[in-house]
Amino acid sequence: MKKNNPCSTSQFGLPPQQFAAAFPFHLVLNMQMEILQVGTTLQRICANILPSVSMDKLFESIRPEGVFCVNWVLENAGSFFLIKHLASDLKLRGEFVFLPRESVLLFLGTPWFIDASEIAIHKLSFADFATHDVVVDMLQLFQVNKMALEDANKLSGKLTAQRSALRLANENLKKQEEKTNQLTGELLRNRDEMSEVVDTINQLEEGIAFLDSDDRFVFTNPEYRHMHEKVIDSVKTGVLFEDYLRRLFDAGEIITHIIDCEEWVAKRMVAHRSLPSECEIVIAGGKTLNIREQVTHSGGIAMVIRDISEQKKLQAQLVNSSKLASLGDMATGVAHELNQPLNIISMAAGNVERTLKRGEFDPEYQLEKMQRIRESVVRASKIIGHLRSFGRDSSEVAQPFDPRDAVRGAIGMIGEQLKLSRIELVLALPTEVGAKVFGYALRFEQVLLSLIRNASDELIAHPSGVVPKRIQIVVVFEPQGQVSISVEDNGSGVPVELLENIFDPFFTTKVVGKGAGLGLSVSYGIVNEMGGKIVVLNTSGGAKFEIILPTIHH
């Protein structure tokens, strides 16, 4: 047997022409599943089936499923194989025969067609097919029937499973349809309700705006748009809130001491990102707007803007009324404060006059008297100037100031009155450099005056029996970026049942004619406007009012 040229003489005892006549669609493979010999008809139809080419590069197994290898073929020995040529889609039905002596696998197959038209497609004729034993054909037919029956059973199982899945899908679809109808009804109802809500919002006197989670406008009501007529394009849907602030500032709509746009925007965004928040801005025309911001359920922001200009005017009038009341109550002390420099001026001028009448001329003596007169005039001028500043209309601009200066100013106005009332004043001011607070210095001075005057009235009206009567003022710069200012007396304290109402408007513990009950209420508003808080508590020796303010860096 010649093995060096398998194409000229068959390795299996027959010349290739005779072997091809018997098995025109056969394949011979080595143990590596590489082609050794191919039937002439098969090679004519599938030109890429050449010696040494691996089987898995030419064919795939449709039945049984698997990857071509010797062990897999031997495991399925006795079964008919259905394989497909990858390039031409030609299907071959046959069996593998293992020839141990030659150490080769022999595939004996024949084309498998579902449709007769495929015969013409592959250009086959009856001459291309081998004639086999009838018994073999019957066995193949039985095997084919068995395979078809297995396929039918598998298909039936798949159809049954698909039918069950389809039935379940139909039931789910029906439930989903019912749910969809229910949701559609709810959506229609919600749409009607939403329409009513939108109509209500559109009729409000407050400006309403909604921002999405990306901080862009999604809705504004007519009043909000009216408030921003000069920059109406900046409140359209999709505009970024930060860009809106820049356009508002650049259009000159913001009245502020800050001259840099980005600095003002950054300051405004601090409140905008610290939700819920409330702030006030002054716009062109002198209007004051109160802005409240709150997180919505969807993660956006709801904004409510109210014009509180009239309210601010009333507050200013109330502050001025409280100032005038304070000045009226302090009239005696102020008069005594002014009497001292006037007496000094009178005495110094009289001494100079007497020396001149006697004809005595002492330049050093007279210069000393003139200096005392000038110092007294300066002192009186300062007192009068401070009174004028304190009593004028509350139109000052908010700015940073040292709270210790406000304490000194308040004491300068009421200190003499405390001396006349024989009340000792204890002052504890830190000497180191401290942070400033932001607000209205004169208004804060008014708060301190109100607290000191209340403590004085309490010590005079309800003496505790402790001698001497004392008021203590302490300023502390806290490390958390806050400053504490406390006013404490050694009187009888505030009745416990009145502590909750002490800051209410028109609430007073004084006798009729001694107060309108506005001082503490106005003080509460001023401190709150500065971003601080004021509290009252009873101590072992009297009552203590404490003010906590944030410094300008916090």
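Two strands count as paired here if DSSP finds at least two bridges between them. Keep that in mind for the sheet. One caution as well: this is a predicted model.

Start with the sheet. Five strands form an open sheet, and the order is β8-β7-β11-β10-β9. The pairing is antiparallel. Which strands stand at the edges? They are β8, residues 217-220, and β9, residues 277-283. Each has a single partner strand, so one side of each is left without a neighbour in the sheet. On average, neighbouring strands are turned by 20° against each other, direction ignored.

β9 and β10 run antiparallel and are joined by seven bridges. Here E280 faces N290 of β10 as its opposite residue. The hairpin of β9 and β10 has three residues between the strands. In that hairpin, G285 takes a positive phi near 95°.

Next, β10 and β11. Seven bridges join these two, again with the strands antiparallel. E293 stands opposite M303 in β11. Hold on to E293; I will return to that residue. This hairpin has five residues between the strands, and G299 takes a positive phi near 90°.

What lies across the sheet strands β7, β9, β10 and β11? Helix α8, residues 261-273. The helix runs at about 45° to β10.

Look at one residue on that helix. H272 is found in α8. Buried or exposed? H272 is buried, with a relative accessible area of 2%. Back to E293, then. H272 and E293 are 21 residues apart in sequence, yet their C-alpha atoms are 7.1 Å apart in space. Their side chains are joined by a polar contact of 2.4 Å. Setting aside neighbours within four places in sequence, H272 is in contact with L211, D215, F241, E293 and I301.

F241 takes us to the aromatics. How many aromatic pairs does a search of the whole structure find? Eleven. In F241 and Y244, the ring centres are 5.3 Å apart and the planes are at 45°, so the pair is tilted. F241 and Y244 are both buried.

A second pair is F401 with F444. This one is tilted too: 6.0 Å centre to centre, 45° between the planes. The pair links distant parts of the chain, 43 residues apart. F401 is in strand β12, residues 399-401, and F444 is in helix α13, residues 441-461. Both F401 and F444 are buried.

There is also a cluster. F68, W72, F81, F96 and F107 form one aromatic cluster.

Last, charges over rings. The charged end of K267 sits over the ring of F438, 4.9 Å from its centre. R443 lies over the face of Y440, and the distance to the ring centre is 4.3 Å.

To recap, then. An open five-stranded antiparallel sheet, with helix α8 across β7, β9, β10 and β11. A buried histidine, H272, in polar contact with E293 through the side chains. And two tilted aromatic pairs, F241 with Y244 and F401 with F444.

Methods
Residues numbered from 1 in each chain as written. Predicted model: local features only at pLDDT ≥ 70, side-chain atom pairs only at ≥ 80, totals over all residues. Heavy atoms only, no water. Helix = DSSP H or I, 4+ residues; strand = E, 2+ residues; numbered from the N terminus. Axes fitted to C-alpha atoms, helices over the stretch in contact; angles between N-to-C directions. Contact = heavy atoms within 4.5 Å. Phe/Tyr/Trp six-rings, centres within 6.5 Å; stacked < 30°, edge-to-face > 60°. Buried < 20%, exposed > 50% of the residue type's maximum accessible area, 1.4 Å probe, protein only. Lys NZ or Arg CZ within 6 Å of the ring centre and 35° of its normal. Polar contact = N/O pair within 3.5 Å; in protein donor to acceptor, adjacent residues only side chain to side chain.
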